[in-house]
Amino acid sequence: MTDPLRTLVLPPLGSLPLSRADSDRDGEARTSKDLLDLLWASPSTRVLALAGGKAPIEGHALRLARTSELARPAVLVYLGRINEGAADAGERVLLAVLPEEDPALAPAGDWLGLREIAASLDARDAGLFVAAAAVANWHSTHTHCPRCGAGTELRDGGWVRQCPRDQSQHYPRTDPAIIVSVIDDDDRLLLGSAMAWPEDRYSTLAGFVEPGESLEAAVIREVGEESGIEIESPEYLGSQPWPFPASLMLGFTARAVTTDAVPDRDEMRSLRWFTRAELFAEVRDGRIAVAGGVSIARALIERWYGGPLDEEPSEARP
């Protein structure tokens with residue numbers, strides 16, 4: 001089967017670190033009878049262990065174990081099949097959610113979280129880790145039926161939880177959120193410092209999409225609520241999963257109609273307009289910190305900036 005991501009026309013932000021994938025999710029196989037039992041019994045099955053959001057790492061790659069190397073945990077999820085071209089092509093991958101790190105799989109210092117290692121992983125491992133983190137987070141918070149309170153059971157390769165009492169089925173959730181680079185007529189970028197962050201940390205504005213709301217309407221509303229600024233012409237630039245715990249970040253840019261930025265003091269502590277020279281100098285001198293390299297916020301900022309933030313702006317980037 002052709003991987004749809006191989007023929008995908010990428011949006012303006014390109015291939016973001018957490019949007020990469022190079023394995024087949026093999027959704028058709030999830031409903032196969034006794035799938036998890038059969039995969040656990042197969043010596044060729046690979047296992048991505050996850051404990052507290054961390055996975056075992058070897059060098060710059062996931063350490064995929066064999067089922068014989070660990071005890072079977074309560075939560076198993078079929079992540080899919082490794083694509084053709086890899087040395088282990090065709091092998092199936094299971095997520096095993098462990099209660100704690102297993103030193104038999106890797107020493108304590110080699111269990112790393114997605115944010116720590118994502119930029120160093122190849123597309124296959126990044127895709128597996130993102131999917132694993134997202135579905136593991138869902139399992140940890142959806143152990144009981146929301147209708148009757150009964151404990152739910154895993155179905156469909158771990159992608160469904162079914163209530164044994166009322167037979168209702170429950171599926172992993174993804175919460176859409178917009179994130180936007182707001183630019184004024186002087187080509188300055190608006191960044192904000194959220195109340196939950198250290199005072200010197202700044203990023204682009206973001207917020208969750210509400211029920212019954214379009215993405216464009218959410219962009220306009222969130223910017224207005226957090227900054228008091230009116231914007232126009234939201235333009236979609238790209239998306240990236242953000243499984244902390246269950247978001248899909250949808251990146252936009254928009255033009256500011258007004259520039260008097262007033263933080264709401266509920267979510268946003270302060271707001272500032274930056275020229276490229278100002279942002280470069282303040283990041284270089286450590287006066288402020290901005291979003292890290294695996295985030296879509298960093299990609300939005302550097303798209304406006306015209307390149308990496310550690311490079312001084314040129315005449316083309318005043």
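Predicted model: local features only at pLDDT ≥ 70, side-chain atom pairs only at ≥ 80, totals over all residues.
Close-up 1. Take Cys148: the nearest cysteine sulfur belongs to Cys163 and sits 3.5 Å away. A pair has to be within 2.5 Å to count as a disulfide, so at 3.5 Å Cys148 is in none. Cys163 is buried, at 0% relative accessibility, while Cys148 is partly exposed, with a relative accessible area of 31%.

**Close-up 2. Strand S17 and its two partners.** Strand S12 (residues 175-183) runs parallel to S17, and 9 bridges join the two. One place to look for that pairing is Val182, whose bridge partner in S17 is Ala254. Strand S16 (residues 231-242) also pairs with S17, this time in the antiparallel sense, over 9 bridges. Here you can pick out Gln240, bridged to Met249 of S17. Getting from S16 to S17 takes a hairpin of 4 residues.

**Close-up 3. Helix H6, tucked into the structure.** H6 spans residues 296-305 and has 7 of its 10 residues buried, so it too is largely enclosed by the rest of the structure. The buried residues are Ile296, Ala297, Ala299, Leu300, Ile301, Trp304 and Tyr305. Follow the chain just past H6 and you reach Gly306, which takes a positive phi of about 100 degrees.

Conventions: Residues numbered from 1 in each chain as written. Heavy atoms only, no water. Buried < 20%, exposed > 50% of the residue type's maximum accessible area, 1.4 Å probe, protein only. Pairing = 2+ DSSP bridges.
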